[in-house]
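Biologist: I would like to learn how to read a model, feature by feature. Can we take the features in turn?

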Amino acid sequence: SGTLDILALFVVALIYQQSFRWFGYVLPTAIVAPVVMYLFGVRDWAGLAASVVICPLVFYILFFVLLGVFPPYGEVFDLADWLRG
């Protein structure tokens, strides 16, 4: 139902926002992107799997590279640090 979908999206948004503090930007976005796409009706598993990589990459380039916004860094673990080496 629509109400249940809205509530699920709200819970996902709260968890996503809080997870920035713990895990930075890349990992939470990679996890939440396919979940949100699924809530919005995407059922193609290839598309959902691709969103794990494509969404964080596109958003990272848009916000942190092109717009110069400072990315949130994770206190517990930050995948961006690991990817940079």
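Biologist: How many salt bridges does the count come to?

Modeller: The rule asks for a side-chain nitrogen of Lys or Arg within 4 Å of a carboxyl oxygen of Asp or Glu. By this rule the count is 1 salt bridge. Glu 75 and Arg 21 form it through their side chains, at 3.2 Å from N to O. The pair links distant parts of the chain, 54 residues apart: Glu 75 is in the loop between H3 and helix H4 (79–84), and Arg 21 is in helix H1. Helices here are DSSP runs (H or I, at least four residues), as strands are (E, at least two), numbered from the N terminus.

Biologist: What should I know about the source of these values?

Modeller: This is a predicted model, in which local features need pLDDT of at least 70 and side-chain atom pairs count only at pLDDT 80 or more, while totals for chains, interfaces and linings use all residues. Residues are numbered from 1 along each chain as its sequence is written, and side-chain values use heavy atoms, with hydrogens and water left out.

Biologist: Is Glu 75 buried or exposed?

Modeller: Read the relative accessible area: under 20% is buried, over 50% is exposed, and in between is partly exposed (1.4 Å probe, protein chains only). Glu 75 has 54% relative accessibility, so it counts as exposed. Across the protein chain, buried residues make up 24% of the 85 residues.

Biologist: How many helices and strands does the protein chain have?

Modeller: There are 4 helices and 0 strands in the protein chain. Along the sequence the pattern reads α-α-α-α. The C-alpha atoms fill a box of roughly 45 × 25 × 25 Å, taken along the principal axes.

Biologist: How do I describe aromatic pairs?

Modeller: A pair of aromatic rings is described by the distance of the centres and the angle of the planes. Rings of Phe, Tyr and Trp (its six-membered ring) pair if their centres lie within 6.5 Å; planes under 30 degrees apart are stacked, over 60 edge-to-face, and the rest tilted. This structure has 5 aromatic pairs. Tyr 16 and Phe 20 make an edge-to-face pair, with 4.8 Å centre to centre and 65° between the planes. They are 4 residues apart in helix H1 (residues 2–23), so about one helical turn separates them. Tyr 16 is partly exposed at 22% relative accessible area. Phe 20 is also partly exposed, at 22%.

Biologist: Which residues do ring pairs link into a cluster?

Modeller: The cluster joins Tyr 16, Phe 20, Tyr 25, Tyr 60 and Phe 64. Take Phe 64, which lies in helix H3 (residues 45–66). Phe 64 is buried, at 15% relative accessibility.

Biologist: What is Phe 64 in contact with, beyond its neighbours within four places in sequence?

Modeller: Contact means heavy atoms within 4.5 Å. With those neighbours left aside, Phe 64 contacts Tyr 25, Phe 59, Val 69, Phe 70, Pro 71 and Pro 72. For the whole protein chain, consider contacts between residues at least 6 apart in sequence: 62% of them join residues at least 24 apart.

Biologist: Where is Thr 29, and what does it touch?

Modeller: Thr 29 is in helix H2 (residues 26–39). Its relative accessible area is 3%, so Thr 29 is buried. Not counting residues up to four places away in sequence, Thr 29 touches Tyr 16, Phe 20, Cys 55, Pro 56 and Phe 59. Tyr 16 and Phe 20 are the edge-to-face pair again.

Biologist: Which ring does the charged end of Arg 43 sit over?

Modeller: The test takes NZ of Lys or CZ of Arg, within 6 Å of the ring centre and within 35 degrees of the ring normal. Arg 43 has its charged end over the ring of Tyr 38, 3.8 Å from the ring centre.

Biologist: How do I read empty space?

Modeller: Rolling a probe the size of a water molecule over the atoms shows where empty space is left. A cavity is a set of points, on a 1 Å grid over the protein atoms alone, where a 1.4 Å probe fits but cannot get out; lining residues have an atom within 4 Å of a point. Grid points are joined across faces, edges and corners, and a volume is the space filled by probe spheres set on the points. The whole structure holds 1 cavity of 30 Å³ or more. The largest cavity has a volume of about 30 Å³. Its lining is Tyr 25, Val 26, Tyr 60, Pro 71, Pro 72, Tyr 73, Asp 78 and Ala 80.

Technical notes
1 Å grid on protein atoms, 1.4 Å probe; cavity = no way out; pocket = protein on both sides within 12 Å on 5 of 7 lines; lining within 4 Å.
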